[in-house]
Amino acid sequence: MSTPLRLLLVNGPNLNLLGTREPGIYGSQTLADVERLVTDAAATRGFEVRAVQSNHEGVLLDAIHAAREDCAGIVINPAGLTHTSVVLRDALAGVALPVAEVHISDVRQREPFRHHSYVSDVALVHVIGEGVSGYATAVDLLIDVIAGQADD
Ligand code: DQA
């Protein structure tokens with residue numbers, strides 16, 4: 001089967017509030033800005049994007065499972081679920097697609113409870129603390145991984 005030219009973009013709980021949520025930490029760009037940035041970055045490499053944001057863990061799991069059918073990789077900012085969710089981690093491991101983990105803020109420099117990620121060892125790409133522009137970096141690095149796998 002040929003590799004589908006589509007990425008799933010997943011944004012976890014509270015990221016719908018981007019733009020107004022703790023702007024000193026997360027900046028002033030909105031979720032719509034993030035989705036546009038990712039869509040544009042992917043388009044320059046010939047990929048489409050399907051974007052999902054939810055405050056409900058099960059909705060995120062269903063979107064990740066569905067990605068098996070028609071996506072080549074997943075860019076995810078799991079938000080607070082990064083630090084709590086075994087089921088999110090299991091979903092990502094279960095679909096076995098390449099994953100890029102993104103955090104807008106530098107979670108390594110914040111409260112100790114943000115230092116552990118359940119997702120990090122199932123992700124091949126990590127972009128942490130580069131602000132919203134980190135999503136575009138993650139797209140590029142993830143597509144490099146996908147292109148490398150297609151060459152194998
Ligand atoms: C975040 C960091 C998480 O610790 C936090 O719960 C978020 C956003 C980030 O993008 O910096 O909601 O993932």
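I count a polar contact as a pair of N or O atoms within 3.5 Å. I note that the model is predicted.

**Ligand site**

I checked Asn77 against that cut-off. A polar side-chain atom of Asn77 sits 2.8 Å from an oxygen atom of the ligand. Arg114 also places a polar side-chain atom 2.8 Å from a ligand oxygen. For Arg21, I read 3.0 Å between a polar side-chain atom and an oxygen of the ligand. How much of the ligand's accessible area does the protein cover? I get 98% of the 320 Å² that the ligand has on its own.

Next I listed the surroundings. The residues around the ligand include Tyr26, Ala79, Gly80, His83 and His103. Ile104, Ser105 and Val107 are also among them. I sorted the shell by class: four nonpolar, five polar and two charged residues.

**Fold**

I then turned to the chain. I find five helices and five strands. Along the sequence, I read the pattern β-α-α-β-α-β-α-β-β-α. The radius of gyration is 14 Å, close to the 15 Å from the globule rule for 152 residues, so the chain is as compact as a globular protein of that length. I boxed the C-alpha atoms along the principal axes and got roughly 45 × 30 × 25 Å.

**Burial and contacts**

I find that 45% of the 152 residues count as buried. The chain exposes about 7,200 Å², and carbon and sulfur atoms supply 51% of that area. Last, I took contacts between residues at least 6 apart in sequence. Of these, 75% join residues at least 24 apart.

Definitions and conventions
Residues numbered from 1 in each chain as written. Predicted model: local features only at pLDDT ≥ 70, side-chain atom pairs only at ≥ 80, totals over all residues. Heavy atoms only, no water. Near = heavy atom within 4 Å. Polar contact = N/O pair within 3.5 Å; in protein donor to acceptor, adjacent residues only side chain to side chain. Areas by Shrake-Rupley, 256 points an atom, 1.4 Å probe, with all protein chains shown as cover. Nonpolar A, V, L, I, M, F, W, Y, C, P; charged D, E, K, R; others polar. Helix = DSSP H or I, 4+ residues; strand = E, 2+ residues; numbered from the N terminus. Rg over C-alpha atoms; globule rule 2.2 N^0.38 Å. Buried < 20%, exposed > 50% of the residue type's maximum accessible area, 1.4 Å probe, protein only. Contact = heavy atoms within 4.5 Å.
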